[in-house]
Amino acid sequence: MASAVQLRVGGGVGVVVIDYPPVNALGADVRAGLLEALARCREDDSVLCVVLRGARGSFVAGADIREFGQPPKPPSAIEVFAAIENMNKPVVAVIEGVALGGGLELALVCHYRLAVAGARLGLPEIKLGLLPGAGGTQRLPRLVGFSVAAPMILGGEPISASEARDIGLIDALGEGDLIEQAMALANSLRSTDGRPPSIRDLVQHVEGARRDLATLDAALAALVKRGRNRRAAEAAAKAIRAAATEPFEEGLKRERALFLDLLNSPESKAQRYLFFAERTAGKVPPKAASVGPVDVQRAAIIGAGTMGGGIAMCFAAAGIPVTVIDRDDASVARGLGVVEANYRKTVERGGLSRAEMLARLALIRGATSWDDLGSADVIIEAVFEELPLKKEIFGRIDKVAKPGAVLATNTSTLDVDAIAAATARPESVVGMHFFSPAHIMRLLEIIDAKKTGPMALRTALMLGKKLGKTSVVVGVCDGFVGNRMALGRGAQTERLMQEGVLPRDIDRVSLAFGFAMGPCATGDLAGLDISWRIRKAKGRVAPIADWICEQGRFGQKTGKGYYRYEPGSRTPIPDPEVESFIRSRAKSLGHDPGAVGDEEIFDRLMLPMINEGARILEERVARCASDIDVIWANGYGWPVWRGGPMYYADQVGLRIVRDKLARYTAKLGDERLKPAALIETLVGSGRSFADLPPNDR
Ligand code: CAA
């Protein structure tokens, strides 16, 4: 038997163990091994019941994603699943760790399911631009009902073992001797006709849904609207609907066809690329490979503002006690008040239990004195974005932090080398650039400054993982990777407006590409005064953006920015005051408002980002193109189904990108649009960004 699956027989039970590192995915060897083990169990009269479990404390993380796009290898998952479902003896899935995607579908063809506390069960295929393609869309609704199954399939978020028990996804919570418990379960629930029960035969939820298809359709439509990849969401909704309207076998066929269509779609390919890109980004770089991280038992944050509070919530969610320090009681109280209000909103929406909220709040302490800093293993500075202030703070931290503590700055643009130089231990200083709102946004840019030591870097990476972030290590430069590239787009946004293009047109073109928000609406949300302050400090001028700020239009917080906002609403409404200013200014500069078409708007927003990304690679500020894509997909609203700016450039073709950049450089006389040397080199050698090996930053 293939070593990916082991079978132990004894005491009336056949224990089948899937052992396929790293995550027991359902690769070809596993599928073949399962068929063989099942055949042996079927033929062995001493086996009364089969237990299916995973090695190394986890069930199965799904289909083997690495096999997608390769020629199919027999046996198929469908064949294996049919063998389990039709088994003449009860098969019990014992779920520890994760049962995700094809892993949960495997559990759904078993006759009984047991899961231990801490296990997570879900169908995350939608996050890969796919739908559950091995019966999940047909069996899950039959088992737990359509109103519960649909958000699990279209949202892709896993649930806990106790939630799974509450919705009837598992038969029992497991603890102690799981094999014995599995056998007892199989005996106690054995159906009256002696045949183990199959989910495919359940009719109650199907009949219910059929009686009220309008409700199901409305629920599916609402979920599709929220989906990030519309094509995948629509396909998943169709498959779920088929579970209600078609016989089981027909539903399976429909699901399969929809799955195969998605599998070959460019959208899913891009999302699968990002899945592996995120894992690559999270790897410990060679520089930090030989050291262990600091064991972070306590954290401290300096600055109780929006960022400081959000970061504190991340630590509390990870169970790490954290002290938030600010200069006076009022600032601390205000900061912690915002944290509490955020938690309350989440509890009201059902995203957190009250008990969990209280437990998290108990982990966050406010303080005005710096005495506590001495016991913190990591200290994160999150004060105003002003270099002298940050340097002063780090000088003070240096005096009180214990030896070996990691000192992190949450700067989004400033020179981490300069900040580190304010201490006598620059090797302990690292950048940890969280994105706002920090407790929600997944991206963490980890800034590996010139003197950052291996321990500080390793600890930042470990913390990123513990705090549930997607981390990317980058080097020091103005704005690091994300903001620096956004700046390239920002310059063209301003320039387009000077030529008479309106904010609503810039945003419309961005939305059409798949961004959830355009750059102008995003600016209004973030607050236009922040970049105005930075521009003034750096002696930069942006006539339209400056004028808007001079009118006191700082964005949503003042009810006016590029757009205007009704009280209490976040919906941007085009404002004639801004539009007529833009038009008349353009005319006074000799431009014909309306002369720039959508294609040019799009090019001038996207190409500078790609060009800047190439320069970032040249300068080794980022390790590889896929790291840049991870940053844009997780922190800047780049549509995941388009893979990221560098991936997108590769799909378009670098020759086209280069030629367009050259054309716009000539047309606009803007040297920043001149194709980066790296793009020229890659075009010259017929390569793409993806062909570049990671550099040694
Ligand atoms: N197939 C192949 N490789 C996988 C995999 C999968 N389904 N899931 C994870 N891996 C690999 C990762 O690429 C990584 O490999 P490297 O070490 O070589 O980089 C390794 O396993 C460890 O993964 P993580 O770094 O993510 O480890 P983690 O402990 O943080 O998380 C996990 C583990 C929760 C399982 C996470 O990896 C995960 O969510 N995996 C994807 C689950 C998923 O999407 N399943 C659905 C697959 S599609 C499907 O099943 C279609 C169908 O219906 C038939």
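**A covered helix, and beyond**

Modeller: Helix α23, residues 543–550, is mostly covered, as six of its eight residues are buried. Buried means under 20% relative accessible area, exposed over 50%, and partly exposed in between, with a 1.4 Å probe and protein chains only. Helices (H or I, at least four residues) and strands (E, at least two) are DSSP runs, numbered from the N terminus.

Before we go on, a word on the model. It is predicted, so local features need pLDDT of at least 70 and side-chain atom pairs count only at pLDDT 80 or more, while totals for chains, interfaces and linings use all residues. Residues are numbered from 1 along each chain as its sequence is written, and side-chain values use heavy atoms, with hydrogens and water left out.

Back to α23: its buried residues are Ile544, Ala545, Asp546, Trp547, Ile548 and Cys549. The cover over them includes α19 (482–498), α22 (528–537) and α24. After the helix comes Gly552, with a positive phi near 80°.

Let us step into α24, which spans residues 576–588 and holds Glu579. This glutamate counts as buried because its relative accessible area is 7%. Setting aside neighbours within four places in sequence, Glu579 is in contact (heavy atoms within 4.5 Å) with Leu502, Arg504 and Pro574.

Arg623 is called buried because its relative accessibility is 11%. A polar atom of its side chain lies 3.1 Å from the backbone oxygen of Ala281. Beyond four places in sequence, the contacts of Arg623 include Thr280, Ala281, Lys283, Val473 and Asn695.

Lys283 takes us to the ligand. Among the 25 residues around it, Ala61, Gly102, Glu105, Arg279 and Lys283 come nearest; to be near, a residue needs a heavy atom within 4 Å. A backbone N or O atom of Ala61 lies 2.8 Å from a ligand nitrogen, and a polar backbone atom of Ile65 is 2.9 Å from a nitrogen atom of the ligand. Glu105 places a polar side-chain atom 2.8 Å from a ligand oxygen. On its own the ligand exposes 990 Å², and the protein buries 75% of that; these areas come from the Shrake-Rupley method with a 1.4 Å probe. Two elements give two or more residues to the shell: α3 (102–109) and α12 (266–281). The biggest share comes from α12, with three residues.

Now for the nonpolar cores, which are sets of buried Ala, Val, Leu, Ile, Met, Phe, Trp, Tyr and Cys residues joined through side-chain atoms within 4.5 Å. The largest has 94 residues, of which Leu52, Leu106, Leu121 and Leu169 touch the most other members. Helix α10 (residues 230–245) gives the most to this core, with nine residues. There is also a second, separate core of 91 residues, including Leu607, Val630, Trp638 and Tyr664. As for Leu169, its contacts beyond four places in sequence include Leu104, Leu108, Leu121 and Met152.

One last stop is Ile419 in helix α17, residues 416–420. Ile419 is buried because its relative accessible area is 0%. Its C-alpha atom is 6.9 Å from that of Phe394, 25 residues away along the chain. Phe394 is also one of its contacts, along with others including Leu387, Thr409 and Leu414.

Terms used: Polar contact = N/O pair within 3.5 Å; in protein donor to acceptor, adjacent residues only side chain to side chain.
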